[in-house]
Amino acid sequence: MKHENHHQKHENHHHKHSHPHSEPQHAHPSGGHAAHTGHDKHAGHTPEMFRDRFFVSLLLTLPILYFSEQLQAWLGYRAAQFPGSAWVNPVLGTILYFYGGLVFLKGALRELRARTPGMMTLIALAITVAYGYSLAVSLGLPGRPFYWELATLIDVMLLGHWLEMASVQAASRALEELSKLMPTTAHRILGDRIEDIPVSALKEGDLILIRPGEQVPADGVVVEGASTMNEAFLTGESRPVPKEPGDEVIAGAVNGEGALKVRVTRTGEATTLSQILRLVQEAQASRSRFQALADRAAGWLFYIAVALGTLTFLVWLALGRDFNFALSLAVTVVVIACPHALGLAIPLVTVNATALAARHGILVRNREAFERAREIRFVALDKTGTLTEGRFAVRAVYAHETSEEEALSLAAALEALSEHPLAQAIVEAAEGKGLPRPEVRDFQAVPGKGVEGTLEGKRYRVGRPEWAEELGLKVSEPLKRGLKEAEARGESVVALMDEERVLAFLALADRVRPSAKEAIQRLKAMGLTPVMITGDAEAVAKTVAQELGIQRYHARVLPQDKARIVRELKTQGPTAFVGDGINDAPALLEADLGIAIGAGTNVAIEAADLVLVESDPLDVVRALTLARATYAKMVQNLFWATGYNAIALPLAAGVAYPWGIALSPAVGALFMSLSTVIVALNAMLLRRVRLD
């Protein structure tokens, strides 16, 4: 096992390396994430477009309602008369049909071309029949026009689609975020001079200089120098990785305290980061088309409306009724078949679920994610940054011939002058215990080894255990046992030494999040199987898994293998993946439900279906609980919305006409309104769901 050179300055510059001029090389033609989540009906649409059309249509609807004969009869008023007033509704109805209804007509064409009629086709059928019949009546056909039904139907459907899109707006910028991470220039070494060139001009075999704090522009091998690299974003490895001549470096990693000369081995498309980017693209492209429940219900209603409308027309003609009577009943059937409630059943639940989720720090990026979540059987969790904090803590101090407190106090005094993550963890541990820090004199950093200085007139060193071996210092048997135990657990070990012997070993490990254990227990109680995935060593993975009560785990997992493991889990049952880093993006996209946890990078967030604002694993449990409740409400609302049709359609077709019962479009509209109110109230009840 490697021990880190842990005491030099180390700064994470990931957030500083967003280059506005670095154009994404792999823009996805379909517009990213949203295009693959069953939102084909919204291709090229934005919430703003639906919002604008809704408000304009609403303004056009007001005079249509005012001049409607049906509303005049109901409310007992007489609309103003003036030359041409009879043409107000036909003219406004025409504008409304082509302006407000155009998006549904285009959507219907797309659905019919794909031979999957759904919500768009049902809406288009209803508004086309209502408009066509109304216009025919205005031009002299005996009957009653449907202008106000046409107007309110278009308004409600535009409102529903606006609410739906605004609450799930998930245009993916994952690829753009990935490309932004790469530096734009590299320092190429030519003899005794250094020239800055664009990264795109780098070739295999070039010798480049990587200064402290800079990002690696291309994959390569260290030729000269010693440093540590932060590869956490790429590999999931939480510890700074020591780099010496002969070691490989990965494009996108952040260099620590030392300057490195690196021989380029892979550039452009071949780099590890580019391969991850390609995996993101592939996962996006292979995302299954997931039809919303309402669309499936609408598809059935489309066929029912066409069949029942045609049957109504033919039956009444066969029974000897006149053409106009048969036609008006057939039109009523088709118009009533598209209930307002069905257009709002899912969006209203989505809006309420999204609001409830946001109050609990759960951001819903993809509505279909809710539908998938109720079926989840496996929850795969990235270890670093998800189950653990991604920052070190002192787990144990193995001391001999000195107390643990004194050893920690001496080590912290020297490490206080370093900014390395392990050094900071030691300082935090000493501060947490309120230990005094002796004054340090003659401080010195020894590259690749550690730090040394004089404390209370005596020389001490803090650094890698290998340094103690090189100096030939004595190590007592109790300390050797402690070192062996820490190494078996896969922990980072720091030695405290004086001039003659090792005084203590400090074992440091990635800190497990306080709520992680409870989260795992609750996931199991929900009937789910947690699976841990990590780039860390087997010993580290086993220790964390045992501590949390996780039976299944995968260690030493490379970035490209995370998506493969998720794929394998999916063959056993629907799988959620929880992660936070760039390396998690392909797995987040591959999973049936991708969840990015709080500290996540922009890339992880863009690739996820749900984003948890806090870095609390319990939010995964809350999100899945909410998802199940949301799905239940959707099913209830669809029952109410389509149940209305089970009663209204036969009545509209005139089944009870021989007994003097007929459902006029006006009465049908009232039923429709009642159904919509029930659906809206039921959606509101979702806010009462307890997530804790």
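Me: Why is I95 called partly exposed?
Reply: This is a predicted model, by the way. The relative accessibility of I95 is 41%. Buried needs under 20% and exposed needs over 50%, so I95, at 41%, counts as partly exposed.

Me: Where does I95 lie?
Reply: I95 is part of helix α3, which covers residues 88-99.

Me: OK, now the inside. Which residues have the most contacts in the largest nonpolar core?
Reply: Those are I127, L150 and L342, in a core of 68 residues. Helix α5 (residues 119-138) gives the most to this core, with 11 residues. Apart from it lies another core, of 38 residues, including A576, I597, L618 and A623.

Me: What does L150 touch, beyond residues up to four places away in sequence?
Reply: Its partners there are G93, Y97, I127, A130 and Y131.

Me: How do you know that the span of α5 agrees with what its 20 residues should give?
Reply: You take 1.5 Å times one less than the number of residues. For the 20 residues of α5 that comes to 28 Å, and the end C-alpha atoms are 28 Å apart, so the two agree. After α5 comes G140, with a positive phi near 125°.

Me: And what about the 12 residues of α4?
Reply: Helix α4 (residues 102-113) should span 16 Å and its end C-alpha atoms are 17 Å apart, so that agrees as well. R115 follows α4 and has a positive phi too, near 55°.

Me: Which residues of α4 are buried?
Reply: They are V103, F104, L105, G107, A108 and E111.

Me: Why is the pair E428 and R511 called a salt bridge?
Reply: The cut-off is 4 Å between a side-chain nitrogen of Lys or Arg and a carboxyl oxygen of Asp or Glu. The closest N and O atoms of E428 and R511 are 3.6 Å apart, so the pair falls within 4 Å and counts.

Me: What does that pair tie together?
Reply: E428 sits in helix α16 (residues 421-432) and R511 in strand β17 (residues 502-512), so the bridge ties together parts that are 83 residues apart in sequence. E428 is partly exposed at 36% relative accessible area, and R511 is also partly exposed, at 29%.

Me: What about D561 and R564, why do they count as a salt bridge?
Reply: Their N to O distance is 3.7 Å, and the limit is 4 Å, so they qualify. Both lie in helix α21 (residues 559-572), three residues apart, which is about one turn of the helix. D561 has a relative accessible area of 22%, so it is partly exposed, and R564 is partly exposed with 35%.

Me: R622 also has a salt bridge, with D616. Is R622 buried or exposed?
Reply: Buried! R622 has 13% relative accessibility, and the limit for buried is under 20%. Its bridge to D616 is 3.6 Å, N to O.

Me: How many salt bridges does the whole structure have?
Reply: The search finds 37. Some link up: E401, K458, D498, E500 and R501 are in one network of salt bridges.

Me: Which residues is V544 in contact with, leaving aside neighbours within four places in sequence?
Reply: K383, T388, V512 and M532. T388 is 156 residues away along the chain, yet the C-alpha atoms of T388 and V544 are separated by 8.7 Å.

Me: Last one: what does the whole protein look like in numbers?
Reply: It has 25 helices and 22 strands. Of its 692 residues, 57% count as buried. Among contacts with a separation of 6 or more, 72% join residues 24 or more positions apart. The accessible surface is about 28,500 Å², and 58% of that belongs to carbon and sulfur atoms.

Conventions. Residues are numbered from 1 along each chain as its sequence is written. This is a predicted model: local features need pLDDT of at least 70, side-chain atom pairs count only at pLDDT 80 or more; totals for chains, interfaces and linings use all residues. Side-chain values use heavy atoms; hydrogens and water are left out. Helices (H or I, at least four residues) and strands (E, at least two) are DSSP runs, numbered from the N terminus. Buried means under 20% relative accessible area, exposed over 50%, partly exposed in between (1.4 Å probe, protein chains only). A nonpolar core is a set of buried Ala, Val, Leu, Ile, Met, Phe, Trp, Tyr and Cys residues joined through side-chain atoms within 4.5 Å. Contact means heavy atoms within 4.5 Å. Accessible areas come from the Shrake-Rupley method with a 1.4 Å probe; for residues, only the protein chains shown count as cover.
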